[in-house]
Every structure is written in structure tokens, then in C-alpha cells.
Amino acid sequence: MTTKELVSQIQKKKSFLCIGLDVDVEKIPPHLLLEEDPIFAFNKAIIDATHHLCVAYKPNTAFYEAYGLKGWESLEKTIHYLNKNYPEIFTIADAKRGDIGNTSTMYAKAFFEDLAFDAVTVAPYMGKDSVEPFLAFENKHTILLALTSNEGAFDFQTKTINDQELYKYVLETSKSWENSENLMYVVGATKAEYFKEIRKIVPNSFLLVPGVGAQGGNLADVCKYGLSENIGLLVNSSRGIIYASKEKDFADKAAKKAKELQVDMESILNKKSQGQ
């Protein structure tokens, strides 16, 4: 999917919501455990109930890998279901990969060719040659970890080196990499005060923003400084939506939570279009 196509979906749906499919079988409704594939059954119901309210889904691969081969099969069925039934949806493999060049190439093939995701999250610590293999894929997006929402982010990411915080150096440096136009960046919603500085460095890039909802991030704060001319935000909510209920109405309750965020996003987009 191209960036232009993603922006078109945001404008059409009046939403820049990304829903995280981080499935823990201990948290899903008990009646689904009787299904042949409880994880896929859960995902399918959530997707069917919420696809009109969001523009992206983001399975965190750890929640599938933890269940071995069966978990990976559930992930494969989920992405194939999305691509077949809702091809307009932007799909993100939240895998946080990044390794030496030939290994990164294989990771990229796994997510972009075999599973046919539109994007994958990548860690920048090993530098250019660990990221550029992902960037080489046409109409695919590499989402670089820039400033994360966890407490440990302050261990390294905000440390000052040569009068510049490390996360800013990562952002600046990444712009020089080959095919950097395919880059997006992860910026945690709990770091909303940093968005103004980030937008000075990457004014038009899309930012994937986890941490709204259960982690305490505030949508209005994120949008105040994070919105760009082409919207430029994918705001993710996982637990706050998919675990809204453990009863048989779980999908309807998830849709209700997603709708609340979509309505807020529509209001923000309308104000933006009116120049407010």
C-alpha cells in the first residue's frame, strides 16, 4: 500500500485508528476456547466488527510466536483474512526486527513476501545496513523505533550525545538511508511533549503512536503537535479495544470502544480542515 492510498483511507473513514491485535488466550472470552483456532476466531470477530472504524491493524508477533507453530498459523490466517476481505486496511507486523544485512533481508521477505504485510516495525540500534534491506521493498513501509512509550526509553533514547538527544540523532540519520521515503516512526503517546521537536526533523513522515488508552496516552495531546499536512499519524489502541468484554458480546463492545476513538479523531480532523 502506498502512503497516498493510506491517506485516502484516513480521509474516507475520518479515522487514523490502528487496532493492535495482541491476543492473549487467557484474556479472550472463554467460549472461544472451544473453537479449533481460538486466536483466529477472536481476531476475525474483532476485525469484522471494527474494520470500518480503523485504517490499520497491528498484530504484535510475540503474542503469536509464544504459542509456537499454532500461533504462527493463527497470525498467517489473520493477515490472509485481512488481505482477502479488507484489502484497503494497512497491516503492520509489530515484530521489532533488525539484524545484520542478510538476516534482515530474510526477516523482510518473511513479513513482506510470505505474509504480505504492508509494514513492519524495526529496531535501529544496529544501524543503516540492518534497516535498508527492509526499505528496499517497493510500496512497503519500515516503521523505525524512535521514541518508545516504556519507562526504559529514558535509559538510552533521550540521552544527550554531542548536544543532541539520541532519538533525534536516529531520526536525522535515518533520513540519509536509501529509500528513506519508505520510513515511518514509532513515537509513544506517553511522550506527547516530544512531538513538536520530532515534527521539526520529520515533518511529513507517518508516526505510529502506541500508548493511547490503557497506557495512559492522550489523543488530543498527540494530535496537537503530531498531526502533519497529510495527517501523518496512526494512533494505536490494543487492550482498550480488544479486551472491552470477555462475554459473547466482546466484538460489539470492541466496536463501541473503537467508535469512541473514531468520533474523537473525526472531530480533530474536521477542526484541522477548518483551520482551527
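Visitor: Where is Thr-158 found?
Guide: Thr-158 lies in the loop between α7 (153–156) and β6 (160–161). Helices (H or I, at least four residues) and strands (E, at least two) are DSSP runs, numbered from the N terminus. This is a predicted model, where local features need pLDDT of at least 70, side-chain atom pairs count only at pLDDT 80 or more, and totals for chains, interfaces and linings use all residues. Residues are numbered from 1 along each chain as its sequence is written, and side-chain values use heavy atoms, with hydrogens and water left out.

Visitor: Why does Thr-158 count as buried?
Guide: Its relative accessibility is 16%. Buried means under 20% relative accessible area, exposed over 50%, partly exposed in between (1.4 Å probe, protein chains only). Therefore Thr-158 counts as buried.

Visitor: Which residues is Thr-158 in contact with, leaving aside neighbours within four places in sequence?
Guide: They are Leu-147, Ala-153, Glu-165, Tyr-167 and Tyr-194. Contact means heavy atoms within 4.5 Å.

Visitor: Why does Tyr-125 count as exposed?
Guide: Tyr-125 has 81% relative accessibility. The exposed class needs over 50%, so Tyr-125 belongs there. Its place is the loop between β4 (119–122) and α6 (128–135).

Visitor: What makes Val-263 partly exposed?
Guide: Val-263 is in helix α12. Its relative accessibility is 40%.

Visitor: How far apart are Val-263 and Val-209 in sequence and in space?
Guide: In sequence, Val-263 and Val-209 are 54 residues apart. In space they are 18 Å apart, C-alpha to C-alpha.
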